[in-house]
Amino acid sequence: MKITTAIFDLDGTLLNTLGDLCDSVNCAMLRHGFPAVTEEQTRQRVGNGVRRLIERCIPENKCTEAMVDICLDEFRTAYNERMMNRTQPYDGILPLLRALKKAGVAVGVLSNKYDVAAKGLIRHYFGDLVQITHGERPDIPCKPDPTSTLALLRELGGDPATTLYIGDSAVDMQTAKNAGLTAVGVTWGFRSADELRQAGAAALADSPADLLPMFERGLLHVDSICKAFTARGFGFTYFATAAEAVSYLSDVCAGKSVSLGGSMTLKALGFPEAFRYGTAVHWHWVRKGEYFQKPDIYLSSANALSETGEIVNIDGTGNRVSATLFGPKRCIFVCGVNKLCPDLQSAVDRARNIAAPRNAQRLGVRTPCAVDGKCHDCKSPNRICRAMVVHMGPPLGMEKCEIVLIGEPLGY
Ligand code: SF4
């Protein structure tokens, strides 16, 4: 389902504000002879509004209500003067916001930073790429209370089912949960991936570019994808990270004979080197023209997976696709989420218009698709796609045929 609305957190998500926040806190701290705070300490203490930030920075034995009020005023004066000194958008945020605008996604920002500063920063750095910004306002509870989030959602005309709440902290994940929205954690900000996972992030993004596919196709619905494959008789296992998948594959293959077809995905995962001692590994092409066709396990990636449960592969020589059909006792297709397509037709399109051109470019083969990245159904003597195999179910006679899906982009 396409995502139509985005609510972003500000500090640590869109803008790296740490330097200016730290400098402004220290203006207040040093005026009273309190120890200066480091950027790392500031990073750990932001997220619940500036009052909490100041409370956490004043030494405990001096932290009275009156002192917090004074330091807060001094912080605000300092921050108003310097909030654009060192602050910068994270790499990739501007292209992301431009792409969202072009796609018609309504974008709002919700921050626990005081309202004037939040609005000023968004206007300065992003102009009309953000439609509505709200910071901390009197009489409206801060995040993680959902009041301000739900009000912003209404102003944006958003539907909770097609809205993503994107932030870098546990407070953000909790805010999304309280408002009934899908929480996406970003790992480039002020908090760790573990904290975001534990706080209930439905997905993580390691770079702004990771967010775009989430808008185009919605979040992964692993359960329904699993159902589509298992209903056809395939095995199916999902791993959120490549490291977990490598551990699973190493265990499954230990002590077995394994053949690998050429695969950028398996290469990216570190195979065959990642196999533990005791696994007899054969590259599929042992000697030119001679294939090790009957291993215990054949490992391959796929050019595309359909969310309706089909596996699509194209091949030039045919050794790779034939080994996924006949010979091995077990076949495992290892794929990143970038291989998923909504249906069989789009999976075939992906194989011809994304996987084949990129493989032709990688191999230095002169095909029309290598030039412009599109399939021309060419009659070239160099044509690399001479067979296309669609697995609609596990081949008869094979003990097990399974998909290992990894929640990261891998291969092409
Ligand atoms: S048919 Fe030709 S142009 Fe199309 S993907 Fe294959 S090699 Fe490329």
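These legends describe close-up views of one predicted protein model. Residues are numbered from 1 along each chain as its sequence is written. As the model is predicted, local features need pLDDT of at least 70 and side-chain atom pairs count only at pLDDT 80 or more, while totals for chains, interfaces and linings use all residues.

**Figure 1. Overview of the protein.** The protein has 16 helices and 20 strands. Both are DSSP runs numbered from the N terminus: helices are H or I with at least four residues, strands are E with at least two. The C-alpha trace spans about 80 × 45 × 40 Å along its principal axes. Of 412 residues, 42% count as buried. Buried here means 20 or more other C-beta atoms within 10 Å of the residue's own, with C-beta atoms placed from the backbone. Among contacts with a separation of 6 or more, 66% join residues 24 or more positions apart. Two residues are in contact if their C-beta atoms, placed from the backbone, lie within 7 Å.

**Figure 2. The shell around the ligand.** The shell holds 14 residues, of which Ala356, Cys369, Cys375, Cys378 and Cys385 come nearest. A residue is near a molecule if its C-beta atom, placed from the backbone, lies within 6 Å of it. Helix 15 (344-363) and helix 16 (368-372) are the elements that give two or more residues to this shell. Helix 15 supplies the largest share, three residues. By type, the shell divides into eight nonpolar, three polar and three charged residues. Nonpolar covers Ala, Val, Leu, Ile, Met, Phe, Trp, Tyr, Cys and Pro; charged covers Asp, Glu, Lys and Arg; the others, Gly among them, are polar.

Figure 3. Strands pair if DSSP finds at least two bridges between them. Leu260 stands opposite Leu299 in strand 14.

Figure 4. Axes are lines fitted to C-alpha atoms, for helices over the stretch in contact; angles run from 0 to 180 degrees between N-to-C directions.

**Figure 5. Helix 3 against helix 4.** The axes of helix 3 (residues 50-57) and helix 4 (residues 65-82) come within 10 Å and cross at roughly 115 degrees. Helix 3 contributes Val50, Arg51, Ile54 and Glu55 to the contact; helix 4 contributes Val68, Cys71, Leu72 and Phe75. These residues divide into six nonpolar, no polar and two charged.

**Figure 6. The surroundings of Leu110.** Leu110 lies in strand 4 (residues 106-114). Leu110 counts as buried because it has 27 C-beta neighbours inside 10 Å. Not counting residues up to four places away in sequence, Leu110 touches Ile7, Asp9, His134, Lys143, Ser148, Thr149 and Leu152. Cys142 is 32 residues away along the chain, with a C-alpha separation of 9.7 Å from Leu110.

**Figure 7. Helix 8 and its neighbours.** The buried residues of helix 8 (residues 170-179) are Val171, Asp172, Met173, Thr175, Ala176 and Ala179. They pack against helix 7 (147-156), strand 6 (163-167), strand 7 (182-186) and helix 9 (193-198). Just after helix 8, Gly180 takes a positive phi of about 75 degrees.

Terms used:
A residue is buried if 20 or more other C-beta atoms lie within 10 Å of its own, exposed if 12 or fewer, and partly exposed in between; C-beta atoms are placed from the backbone.
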